[in-house]
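Welcome! Here is a short briefing to read alongside the sequence and the 3D view.

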Amino acid sequence: MRQWSKPIALARLRVREIPNRSGVYVLLRSENDPSSVLKIGSARSLRDVYTRVVAEPDANWPVRPAGFLYFESLSESEEEKRFLAEYKRKRGQHPMYNSGF
């Protein structure tokens, strides 16, 4: 069973809270609303992804993510596919940044 983290605000000071391990992550529109999913992705290093997102200029985001969720997994790409399919089945579409625009 997957154990999701609690939502974490995107801030440079929180980088050390993110494990330097592989897993699946979710970018959130609001750190207080886990259902405000903008993107679901997989990463070999969750900390590296978190660091890149925090460092990305606001102008590069149509909607700036404010929160980050994750769970650690050794089979991150399979878990990402499974979670994306589950999300689409429940909501009828992929998250905003997974839509392939």
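This is a predicted model: local features need pLDDT of at least 70, side-chain atom pairs count only at pLDDT 80 or more; totals for chains, interfaces and linings use all residues.

Residues are numbered from 1 along each chain as its sequence is written, and side-chain values use heavy atoms, with hydrogens and water left out.

**The sheet**

- Four strands make up an open sheet with antiparallel pairing, in the order S1-S4-S2-S3.
- Strand S1 (8–9) and S3 are at the edges with a single partner strand each, so one side of each has no neighbour in the sheet.
- Helices (H or I, at least four residues) and strands (E, at least two) are DSSP runs, numbered from the N terminus; two strands pair if DSSP finds at least two bridges between them.
- Strands of a sheet pair through backbone hydrogen bonds, either parallel or antiparallel.

**Strand S2**

- Six of the six residues of S2 (residues 23–28) are buried, so the rest of the structure largely encloses this strand. Buried means under 20% relative accessible area, exposed over 50%, and partly exposed in between (1.4 Å probe, protein chains only).
- Gly23, Tyr25 and Leu27 point one way from S2, while Val24, Val26 and Leu28 point the other way.
- In a regular strand the side chains alternate between the two faces of the sheet.
- S2 pairs with strand S3 (residues 37–43) over six bridges in the antiparallel sense. Glycine 23 is opposite alanine 43 in S3, and leucine 27 has lysine 39 as its bridge partner there.
- S2 also pairs with strand S4 (residues 67–72), antiparallel and over six bridges; in S4, leucine 69 is the bridge partner of valine 26.

**The helices on the sheet**

- H2 lies across S2, S3 and S4 and runs at about 160° to S3. Such angles run from 0 to 180 degrees between N-to-C directions, with axes fitted to C-alpha atoms, for helices over the stretch in contact.

**The largest pocket**

- The largest pocket has a volume of about 180 Å³, a volume being the space filled by probe spheres set on grid points joined across faces, edges and corners.
- A pocket is an open set of points on a 1 Å grid over the protein atoms alone, where a 1.4 Å probe fits, with protein on both sides within 12 Å along at least five of seven lines; lining residues have an atom within 4 Å of a point.
- Helix H2 (residues 76–91) gives the most to this lining, with five residues. Among the lining residues are Trp4, Val26, Leu69, Phe83 and Arg91.

**Two residues in the loop between H1 and S4**

- Proline 65 is found in this loop and is buried, with a relative accessible area of 3%.
- Leaving aside neighbours within four places in sequence, proline 65 is in contact (heavy atoms within 4.5 Å) with Leu10, Leu27, Leu28, Leu38 and Val53.
- Alanine 66 is also in this loop, and counts as partly exposed at 28% relative accessibility.
- Alanine 66 and valine 54 are 12 residues apart in sequence and 9.2 Å apart in space, C-alpha to C-alpha.
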